[in-house]
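Subject: Structure for you to look at

Dear colleague,

Here is the structure I said I would pass on. Please have it open while you read the notes under it.

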Amino acid sequence: MARAILNAGYSRTGFKGTRVPLDHRARKRFKRFTKYLSGKGVEIEDHTFYVRGLALVKRRETTRKMLARAPNVDFLVSL
């Protein structure tokens with residue numbers, strides 16, 4: 001996914017992940033994602049992890065907050 005994002009010309013990526021603090025597989029996905037980007041000289045602009053709440057409501061809320069913190073994000077990954 002990180003390769004496709006960079007190949008499409010995006011460089012200011014935000015990352016939203018569910019269960020990352022509680023799930024070792026989710027943590028590994030996040031780590032691999034950020035490692036690939038940093039290997040290409042790109043750091044994610046912002047990230048957030050969430051656990052509780054209705055998925056659609058939580059995703060909308062976290063997107064709004066992230067864009068307020070990092071308005072230059074040009075691609076948002078939600079896993």
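Predicted model: local features only at pLDDT ≥ 70, side-chain atom pairs only at ≥ 80, totals over all residues.

Strands β1 and β2

Strand β1 (residues 13-18) and strand β2 run parallel and are joined by five bridges. Gly17, for instance, has Phe49 in β2 as its bridge partner.

In strand β2 (residues 46-50), Asp46, Thr48 and Tyr50 make up the covered face, while His47 and Phe49 are on the uncovered one.

Asp46

Asp46 belongs to strand β2 and has a relative accessibility of 15%. The cut-off for buried is under 20%, so Asp46 counts as buried. What does Asp46 contact, leaving aside its neighbours within four places in sequence? The residues are Thr13, Gly14, Phe15, Met66, Arg69 and Ala70. With Arg69 there is a polar contact between the two side chains, at 2.7 Å. Lys35 is 11 residues from Asp46 in sequence, and the C-alpha to C-alpha separation of these two is 15 Å.

Aromatic pairs

Searching the whole structure gives five aromatic pairs. One of them is Tyr10 with Phe75, a tilted pair with 5.0 Å centre to centre and 50° between the planes. This pair links distant parts of the chain, 65 residues apart: Tyr10 sits in the loop between α1 (2-7) and β1, and Phe75 in strand β3 (residues 75-78).

Phe15 is in strand β1 and Phe33 in helix α2, so the pair ties together parts 18 residues apart in sequence. Are these two residues buried or exposed? Phe15 is buried, with a relative accessible area of 1%, and Phe33 is buried as well, at 7%.

Phe15 and Phe33 belong to one aromatic cluster together with Phe30 and Phe49. Two of these residues have come up above: Phe49 as the bridge partner of Gly17, and Phe15 among the contacts of Asp46.

Regards

How values were computed
Residues numbered from 1 in each chain as written. Heavy atoms only, no water. Buried < 20%, exposed > 50% of the residue type's maximum accessible area, 1.4 Å probe, protein only. Helix = DSSP H or I, 4+ residues; strand = E, 2+ residues; numbered from the N terminus. Pairing = 2+ DSSP bridges. Contact = heavy atoms within 4.5 Å. Polar contact = N/O pair within 3.5 Å; in protein donor to acceptor, adjacent residues only side chain to side chain. Phe/Tyr/Trp six-rings, centres within 6.5 Å; stacked < 30°, edge-to-face > 60°.
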